[in-house]
Amino acid sequence: MLSSLFQFFTSLKLTVVCLGLATLLVFVGTIAQVEQGLYQAQDRYFRSFFVYWSPGGADWGIPVFPGGYLIGGLLTLNLIANYVRRYKFNRANLGLLTVHLGLVLLLMGQLFTDLLSTESAINLQLGETKNYSEDFFASELVVADTTDPDTARVVSIPTTLLPTTPTVRLPQKPFELQVRQFWPNAELLENAGEGTVASGATDGVGRTLWVQGRPPTVKMDERNVPAATVTLSDAGKPLGTWLVSGLLRPQSFAHEGRSYEIALRPKRHYTPYSLTLLDLRHDVYPGTDIPKNFSSRVRIDNPSSGENREVLIFMNNPLRYQGLTYYQYQMAARGPVKSSTLQVVRNPSWLTPYLACLLVGAGLTWQFLAHLIGFLKQRSA
Amino acid sequence: MKNYVRWLPWLVAGLATLWVVSGILPRSSSGFELGEFGRLPVVLNGRVQPLDSVARNSLRQLRNKQTALRDSRTRVSAIEWLLEAFNRPARADELKSFRIDNPELLGLLKLPENEKHFSFSEVRPSLTELERQARRVDEVPAQNRTAFEKQTMKLYSSLVLYQRLKNSLSPEFSTNFLAELTDYEQLLPAASAAAQAHQDGGQFDSAALNRIMVFVRRYSQMAELSHPLMVPPADPRAPDTDWQSMGASLVAAVEKGSLHPAVKWYAQMGRAYNQGDVNGFNQALGEYRGWLAAHFPQAYSKGQWESLFNRKEPFYKATALYTIAFLLVCFSWIRESAALRRSAYALVVVSLSIHTLGLIYRMALEGRPPVTNLYSSAIFIGWGAAVFGLVLERFSKSNLGGLGLATAAFIGLVTGIIAHNLALGGDTMEMMRAVLDTNFWLATHVVTITIGYVATFVAGFLGIVFIVFGVLNRAFDRATAVGMERLMYGAICFATLFSFIGTVLGGIWADQSWGRFWGWDPKENGALIIVLWNAMILHARWGNMIQERGMAVMSVFGNVVTSYSWFGVNMLGVGLHSYGFMDSGFKWLLLFVVSQAIIMGLAFLPAAYCRSQLFRSANSGPQGKAAKDAAAQRA
């Protein structure tokens, strides 16, 4: 039994079948992006063990095809099993050994990237300073005690947890929180329109607004703006109902002599240092609108290390700092409000592809040269 | 008589070289130095280029050719057409400059359906209607447009381009631009002083300002319409950004108080051309050229070199020679003629030589590595395949004679045709968008990936020949099959190496510029599919799961995979690589895929329908005993 299992995992047939399935999966997963958008297609086809098919849009699905994790996992097992079985260190298979070692490293590195890396963005107006970046997808509901003008005490609740969060515990004052309604993506309107509902807010700017629920977007250049109506109460006594949304500024209220703020905003990732946008440039080629370069000059200010310096971030030239990498992402250089957005990536395994590439490249070249020399020798013989 | 085996190839090579070298510019019989006019540098699409390029690229967009038609017979060279449009718009309107194929569009414009080439005058009566349609179509997202709507938009933008060209040198309806300029120049000093005084808040001569306003309004309109930036900066050290359109330069003259000398020379050339004054034209042209050479030597020589490149058309000639070479190889197989095969060899060598020269010349002109866009990738794939094919021919056994030549010639000619069609989009030396503006990654990632394409196509072509021979060629035997299989295997190894390295380099580039090594972007996935497919072929061979015929079939499918990665993903219109978007090619891609499917199907034709011993002997099929024996031997 064990030996036949081992046989299965070392077989070249498994390799070929997996490679064939992978080819098909990547093809179908690419085409699916047209309809489903990059992120959804990626989750469905590549970051999954099975691709499910839901007949007629049902909320359950039948696994119809192996997903990226399954195929990748099988290939990795296949590779490792073959290593165990065939590992013989000699000149003839040195190349292949190196190639496959590189491949294992590459696959593992990508798995770790998948699991560990985070992406966010920092949007800076000219002259603005921030010590946090904002998540692309996740949002948070925050209630802050802002009585002390220097330090705010903040409670943040990921929106995914909202329906199950009964209490917001601030140091001075615990509030009970009740979510009346939640929209994953919503537009706010000043007048009633098609498909709008009254916000039902009793406090804040939301009182006069209408909420228009939207289907979550899958487009890469749009993001979902969630909204919710929440009621806060103190010991069973309601304080009021607020409409919160990524489109609204923080709304403040006072209670028992202290001032508070409530807001729904993209999830923040704080850093122990701050960035200030000093200058931005959007260069075009003469007489055209073709962009030649986007660049942002920023100042890093890190009180903990006393570091304070200027950096120029431009296309193909990111800033790597304290495990984070800042890339020039978007830019509004022409409007009245000039701003630049940097993409912020934390990817602890970013070096693995470089190493893997070296290994596989060297191995393939070795193998290929060996073949070529053999071929030429045979020919001249 | 046997001797012709020796001299025929030399004769063929000599004739081909003669044809290539003889491509001297068509001298205008009128005496106007049109060639020299075509070399004048201007700035367009963000780069310095000669007027000749402006003319050719415009006509490519307007009527898919580098010439216009006077009537159904007489061709007008691009530069002459441009001169007419610049200086005699009314006459240019009579030249057939537009190509319209779509029957619905022809119906809309009330044009005869049995013709394709039309002049502006013929289209003019329906302009309002066309504009109305275009405004509607403009609202429709590009990927949802019907063929009629796409063609409507294309014609509309062609007309806009034409309109802009007509206003680039002088206002379209001016009767005597030179005289007009003389009047304008006389008003300038007073107007300039008045404008300055007005700005300083002092007393100013409002009459002088009013007099000149008529002109300024006219020239501002012209500046809005004009296409290339014709006038160099006042300061030779200024960047290319400071070139100005004729109109803008005329408006700017008010502030400066004088006209830019280039403006006057262009006006003199225009006037002389209108009057048929050959000497006047050539003299003004000569003076301007002398001035350019002294003040803008770089732009001047760029104009010279690029227009020479345009006239020599190295890639077009290479394509033609590859076509002849391919035919010669085919005949050499049918007639078993060594003379024909050697002649084909000679032709491929000549063709590859001009192809190489063209490639290097283009790189020097652009200051870029060989592959910068889809057009240049096609040129490069053809070149790579020709090199690959010649190497195969040189090193493969004699029973495979001609195979490498056929590979070189066929892929060379097909990619040549593809490149020709891609060039119809306009300027093929366009500037690189921000993230692409890096010679390092263009030289490493893009070139390696493209070499991977080359090798996959070479293997695929060998696969096609294998299958066609198997079905049609009586003499196709096991020895040949085994030899061909080895060649395919070698090409696939090569393809795997380069595709993999190229893909990973692309990942590293993405990591450098977007923050992630891999993002499942369509173009990345396309490259990955090539790697996966080639790896699959290699493992299937190592596991003895396929024999010669299986190798051929899988290699042919490699063509499909590669063409998808090369073009298909750009047609999806999603992702970060969609800069190469093109929709007209979709039909052709589909046709190509179908053709490859048919060829793969042929490999499974029942033995009775095949003519070669190999495909007829029952035990030589993909699972046959003889095949297994051969495999054992090979292992």
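The legends below describe close-up views of a predicted model. Residues are numbered from 1 along each chain as its sequence is written, and chains are lettered from A and ligands numbered from 1 in the order in which they are written. Local features need pLDDT of at least 70 and side-chain atom pairs count only at pLDDT 80 or more, while totals for chains, interfaces and linings use all residues.

**View 1. Overall form of chain A.** Chain A has six helices and 19 strands (DSSP runs numbered from the N terminus: helices are H or I with at least four residues, strands E with at least two). The C-alpha trace spans about 95 × 55 × 45 Å along its principal axes. Chain A has a radius of gyration of 27 Å, whereas a compact globule of 381 residues would have one near 21 Å (taken over C-alpha atoms; the globule rule is 2.2 Å times the number of residues to the power 0.38). Chain A is divided into domain 1 (2–116 + 351–380), domain 2 (118–129 + 270–346) and domain 3 (134–269), with bounds from an automatic or database domain assignment. The centres of domain 1 and domain 3 of chain A, taken over C-alpha atoms, are separated by 45 Å.

**View 2. An open sheet of three strands in chain A.** The strand order is β8-β10-β9 and the pairing is antiparallel (two strands pair if DSSP finds at least two bridges between them). β8 (186–189) and β9 (196–198) of chain A each have a single partner strand, so one side of each is left without a neighbour in the sheet. From one strand to the next the twist averages 30°. β8(A) is joined to β10 (residues 210–213) of chain A by four bridges. Glu187(A) has Gln212(A) in β10(A) as its bridge partner.

**View 3. Packing of α10 and α13 in chain B.** Helix α10 (residues 177–200) and helix α13 (residues 261–275) of chain B pack at about 145°, their axes 8 Å apart (axes are lines fitted to C-alpha atoms, for helices over the stretch in contact, and angles run from 0 to 180 degrees between N-to-C directions). Phe177(B), Leu178(B) and Leu181(B) of α10(B) meet residues of α13(B) including Lys264(B), Ala267(B) and Arg271(B) (contact: C-beta atoms, placed from the backbone, within 7 Å).

**View 4. Two loop residues of chain B with positive phi.** Asn45(B), not a glycine, has a phi of about 55° and lies in the loop between β1 (41–44) and β2 (47–50) of chain B. Asn45(B) is partly exposed, with 19 other C-beta atoms within 10 Å. Trp520(B) has a phi near 55° and sits in the loop between α21 (478–513) and α22 (522–542) of chain B. Trp520(B) counts as buried, with 21 C-beta neighbours inside 10 Å (buried: 20 or more other C-beta atoms within 10 Å; exposed: 12 or fewer; partly exposed: in between; C-beta atoms are placed from the backbone).

Conventions
Two residues are in contact if their C-beta atoms, placed from the backbone, lie within 7 Å.
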